[in-house]
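Please work through each task before reading its solution.

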Amino acid sequence: MEFGFALPQTGSIASTDAIASAAEEAERRGYATVWVLERLLRPLDQRTASGAPGRSMPEAYAVAYDPLETLAFVAARTSRIRLGTSIMVVPFHVPVLLAKRFATLDQLSGGRVVAGLGLGWSEEEFATANVPARGRGARLPEFVAAMRAAWGPDPVRFDGRYYRIPASQINPKPAQPGGPPVIIAAREPAAVERAARIGDGLHPIPADWAGFERTVSLFRAAARAASRDPDRLPIIVRTNTTIDPVPVPEPRAPLVGSHEQVVDDLRRLAALGVAEVFFDMNRFGLPVDEQFRRLERLRVALGA
């Protein structure tokens, strides 16, 4: 199992210097991927946040550098580490335009992009983007198919229910043949099954062990049902947690707790076949060097 690193593009520690130095250090230390997220805004009058009424969006999201521009900046400062989005919110984008942005980044980086996609949840962001939240799951398969069409050979043409591309030349093409791998954020069963059919991997945030293990089993079963090899579809786990100085009482969520508890959790993820995991600690305001210190202890304990 590999480790990724969430770049400091959000929160009080976000800055160009912090982003550049974190990316360079992650590459030097042998991390697999650096990750960024998409956030349009942090509403002050919030109806919903984190998918639940009455919970406010983390203060760290008051600052959020744009994800693809951040990765283009990082691409120029690195040479090997992968560049991932966790995630781009599909309903806020046009397939051809997002495909071209990913393709351009893939060319600029020499083929290092991982395209993480999801459907979003913030009512305020959907209202700001002036797009409906309802029906967004039904549009996702077409969106991904239209992007892949744009990444394919010219002439490009796509005729769908929601998206259309007239016969066109669309360039540049990505450096990676067929385009960057597309990993899909999903939690509900129907979304997990859809990810297995259309994605190149699954990108979950584990909330509890029983639910996560069901998600992994469902994803792999759905991939086999779609005549796809689940071993070729990586599971990349994101967690918005840090490591506590003292043990957390049971029951606890995955990857929440002391160093020893989190090490046990990471071993459990590895046994489930998780390909990569990364912690986004930026919402806690931890300096980058402290984030690396905590992650390096984990990597040493796991022999990574």
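**Exercise 1.** How much space lies in the second largest pocket?

Solution. The model is a predicted one, in which local features need pLDDT of at least 70 and side-chain atom pairs count only at pLDDT 80 or more, while totals for chains, interfaces and linings use all residues. Residues are numbered from 1 along each chain as its sequence is written, and side-chain values use heavy atoms, with hydrogens and water left out.

On a 1 Å grid over the protein atoms alone, a pocket is an open set of points with protein on both sides within 12 Å along at least five of seven lines, a cavity is a set where a 1.4 Å probe fits but cannot get out, and lining residues have an atom within 4 Å of a point. The second largest pocket holds about 230 Å³ of space, a volume being the space filled by probe spheres set on the points, which are joined across faces, edges and corners. This pocket is lined by 15 residues, of which Arg187, Glu188, Gly211, Phe212 and Thr215 are the closest to its centre. Two or more lining residues come from each of helix 6 (189–198) and helix 7 (209–225), helices being DSSP runs of H or I with at least four residues, and strands runs of E with at least two, numbered from the N terminus. Helix 7 gives the largest share, 5 residues.

**Exercise 2.** Which residues line the largest cavity?

Solution. The structure holds 1 cavity of 30 Å³ or more, and the volume of the largest cavity is about 40 Å³. Its lining consists of Ala6, Leu7, Gln9, Thr10, Trp35, Val36, Leu37, Arg238, Asp280 and Asn282.

**Exercise 3.** Describe where Tyr65 sits and which residues it touches.

Solution. Begin with the chain, which has 9 helices and 15 strands; along its principal axes, the C-alpha trace spans about 60 × 45 × 40 Å. Within this chain, Tyr65 belongs to the loop between strand 4 (52–53) and helix 2 (67–75). Finally, leaving aside neighbours within four places in sequence, Tyr65 is in contact (heavy atoms within 4.5 Å) with Gln9, Ala14, Ser15, Thr16, Ile19, Leu37 and Thr70. Gln9 and Leu37, both among these contacts, are also among the residues that line the largest cavity.
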